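Me: I'm new to this one and would like to learn how to read it. Could you take me through a few features, one at a time?

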Amino acid sequence: MLNATRLQILREVVAHGSFSAAADALSYSQSAVSQAVATLEGEVGAKLIERDRGGVLPTAAGAALAQHADGILARMDAAETEVEAIAGGRGGRLRVASFPTAGGTLLPRAIASLRASHPGVELTLAEDEPERIAPRLRAGEFDLALLFEFPGVGERLGAGLRRFELLEDPLHLALPANHRLARRRTVRLEDLREEPWVQTAATRPASSRASPSRATTTRPSRA
């Protein structure tokens, strides 16, 4: 693998036409520059520099490598800058998935806060039901997922994922007054396994309450 420091030295030697001038430009000793070029020649298996009384000249291989060095070093600098930005929360990408109701209630404020504190982070948002989000999270399609579950009923997230419980959201159940469960204060979902269901978005007082659902956020764990 090519060494960035030795590539930089070769570039300076070619640009200045001498080992001593390259050494001055880089604040190295002349022997260090000469040794670096010799080591680079051994790594690539080709003669890179021809020495004569008037100075040094690059061989065809040396000229080609020196020309590529500009692009290689520029890409390495860009990569380091991008990694530093991601590590510092100034850049990168965050892929979020959520179930629809949370996407319209919980996430807007969270997204606004993220935009304010980390404006350089690219955010993408997908909406779906938990049973379809969880497999895609395990497959690495998302970095963060907002899910819900009921007690005893939830997705097995598997290794490499971390789970954080955010809140409990009471689930209200309306029953006919003469229903066998109507007088219970709390109803378990398993008690309603054989019952027909009608769901509505309207909010109103309920005669009974089922066990609350829990909103959770899940993301891959870091080693």
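Me: Let's start with helix α1: which of its residues are buried?
Reply: First, keep in mind that this is a predicted model. A residue counts as buried when its relative accessible area is under 20%. In α1, that gives Leu-7, Ile-9, Leu-10, Glu-12 and Val-13.

Me: And what covers the buried residues of α1?
Reply: For cover, look for parts with heavy atoms within 4.5 Å. Here the cover includes the helices α2 (19-26), α3 (30-44) and α4 (60-87), along with β1 (49-52) and β2 (55-58).

Me: How do I read the length and ends of α1?
Reply: Compare its reach with the expected one: α1 spans residues 4-16, and its 13 residues reach 18 Å from first C-alpha to last, close to the 18 Å expected at 1.5 Å a residue. At its start, a side-chain oxygen of Asn-3 comes to within 2.9 Å of the backbone nitrogen of Thr-5. After the helix comes Gly-17, with a positive phi near 75°.

Me: How many aromatic pairs are there?
Reply: Ring centres have to lie within 6.5 Å to pair, and the count comes to one. It's Phe-99 with Phe-148: their centres are 4.9 Å apart and their planes sit at 80°, so the pair is edge-to-face.

Me: What does that pair tie together?
Reply: Phe-99 is in the loop between β3 (93-98) and α5 (100-105), while Phe-148 is in strand β5 (residues 144-149), so the pair links parts 49 residues apart in sequence.

Technical notes
Residues are numbered from 1 along each chain as its sequence is written. This is a predicted model: local features need pLDDT of at least 70, side-chain atom pairs count only at pLDDT 80 or more; totals for chains, interfaces and linings use all residues. Side-chain values use heavy atoms; hydrogens and water are left out. Helices (H or I, at least four residues) and strands (E, at least two) are DSSP runs, numbered from the N terminus. The expected span of a helix is 1.5 Å times one less than its number of residues. Buried means under 20% relative accessible area, exposed over 50%, partly exposed in between (1.4 Å probe, protein chains only). A polar contact is a pair of N or O atoms within 3.5 Å; within protein, one must be able to donate a hydrogen and the other to accept it, and residues adjacent in sequence count only if both atoms are side-chain atoms. Rings of Phe, Tyr and Trp (its six-membered ring) pair if their centres lie within 6.5 Å; planes under 30 degrees apart count as stacked, over 60 as edge-to-face and the rest as tilted.
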